Amino acid sequence: MTVTLTGAGAALPERILSNHDFAHLDTSDEWIVQRTGIRERRRLAEDASLAELAALACERALSDAGVTPQDIGHVVVATSTADRISPGMAVEIATLLGIDRPAAFDLSAGCSGFVYALDHAIATIESGRAEHVLVCGAEALSRITDHTDRNTAVLLGDGAGAVVVSKAPGSLRPTFALGSDGTRIELLYVGQDRLMRMRGREIFESAVDAMADHTELVLKQSGLSPDDLDLFIAHQANARIVQAVARRLGVLGDRVFLNVDKVANTSSASIPLALAHAREQQLLSPGAVLGLAAFGAGLSWGAGIITWRAPAAGRGMTGPAADRGGR
Ligand code: ACO
């Protein structure tokens, strides 16, 4: 037995902002597309509940996994923009879903939050304390955006994504590596004014190094090579960052997933949203080997290898990696 992802779901606010909606900030569609790959992002209404949006993503993930709320004993929500300072959103989301008195908590690790939450979920299942854990990443970054600052305002979006993590048959054990460096907090932070400040270029370079190095590390620890990855999903901050990491790894073409053009940087919602969108595009086949990588405030980072569901019965592995000879 091992631990796999068994379901994914996404939920986005209805309101779409195009790059043209930022023309008043002395920027342009051309600049934003060229430097970031972003074409549009979603915006949650000021009086809307992020927990309700997140619950919708979770409901879709549960349905995709064929898991009922009664099967869930643990709910972990990665976020830096919860509806309230306390309690976190996990308890409210669990109640909205009808999950009866689960262990439920929020986790804050900037844009790396989802990977940290996923690592926790895997450890909880591996230790025998749960069979299914619901992991959600949800952000309303518009709540911490300086809407007058073109350096950050054009980059950020709102949304929620969720996955179900389950005990399942299979032989590839998930491998995750996490890290942080508190000596560089000033590169990216949200202060007492509740507005995000960052030094973009330095973040860019550190993000590429950390995500590439840690993906190489978890591949090595798993006994895999970059060729074994069926899909590489890195935190969708900027298409150029994702492509630079993928180039360093030698993972190219359609094995690199991008949806930053549609959703922009949604921090801890970014990877589960990407997983759900990859699922909608039928890019996840049973047994597919996924590489995940994230980087963000802290500084913090993480990378991991995990499979999408169990391989089809009677086969060691399916998908492109199997065609290339697998492990
Ligand atoms: N429109 C026009 N010009 C802009 C804009 C804009 N929206 N934003 C910044 N600029 C200008 C700056 O004022 C600066 O001008 P100057 O040179 O006259 O001072 C110039 O563009 C900056 O140029 P570069 O440093 O060459 O820009 P770069 O190619 O690094 O792109 C960007 C900037 C998009 C911020 C990039 O560095 C980036 O994406 N960094 C990561 C940021 C990020 O995603 N942080 C959030 C979370 S961390 C994470 O998720 C990884």
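How much area do domain 1 and domain 2 bury between them, and what share of it is on carbon and sulfur atoms? I shall take that as the starting point for this predicted model. The two domains bury about 4,000 Å² between them, with 64% of that area on carbon and sulfur atoms.

The domain assignment of the chain gives domain 1 as residues 2-168 and domain 2 as residues 175-319. Their centres, taken over C-alpha atoms, are separated by 15 Å. Across the boundary, 53 residues of domain 1 are in contact with 47 residues of domain 2.

The polar side of this interface comes next. Between the domains there are 3 salt bridges and 21 residue pairs in polar contact. As for an individual salt bridge, Asp64 pairs with Arg279, and their closest N and O atoms are 2.8 Å apart. On the side of domain 1 that touches domain 2, several elements supply at least two residues each, including helix 2 (50-65), helix 4 (113-126), strand 6 (132-140) and strand 7 (158-168). Strand 1 provides the largest share of that side, with 9 residues.

I turn now to the nonpolar interior. In soluble globular proteins, nonpolar side chains tend to be buried together. Here, the largest nonpolar core has 48 residues, and those touching the most other members are Met211, Leu229, Phe232, Ile241, Val245, Phe295 and Ile305. Among the elements that each supply at least two residues of this core are helix 6 (200-222), helix 7 (239-249), strand 12 (288-296) and strand 13 (300-308). Helix 6 gives the largest share, 9 residues. The core also draws at least three residues from each of domain 1 and domain 2.

Finally, I would draw attention to one residue of helix 6, Ser206. Is Ser206 buried or exposed? Its relative accessible area is 11%, and Ser206 therefore counts as buried, the cut-off being under 20%. Beyond neighbours within four places in sequence, Ser206 is in contact with Arg184 and Phe295. By contrast, Ser206 and Ala65 are 35 Å apart in space, C-alpha to C-alpha, and 141 residues apart in sequence.

Note on methods. Residues are numbered from 1 along each chain as its sequence is written. This is a predicted model: local features need pLDDT of at least 70, side-chain atom pairs count only at pLDDT 80 or more; totals for chains, interfaces and linings use all residues. Side-chain values use heavy atoms; hydrogens and water are left out. A nonpolar core is a set of buried Ala, Val, Leu, Ile, Met, Phe, Trp, Tyr and Cys residues joined through side-chain atoms within 4.5 Å. Buried means under 20% relative accessible area, exposed over 50%, partly exposed in between (1.4 Å probe, protein chains only). Helices (H or I, at least four residues) and strands (E, at least two) are DSSP runs, numbered from the N terminus. Domain bounds come from an automatic or database domain assignment. Contact means heavy atoms within 4.5 Å. Buried area is the accessible area (1.4 Å probe) that two parts lose on being put together, summed over both. A salt bridge is a side-chain nitrogen of Lys or Arg within 4 Å of a carboxyl oxygen of Asp or Glu. A polar contact is a pair of N or O atoms within 3.5 Å; within protein, one must be able to donate a hydrogen and the other to accept it, and residues adjacent in sequence count only if both atoms are side-chain atoms.
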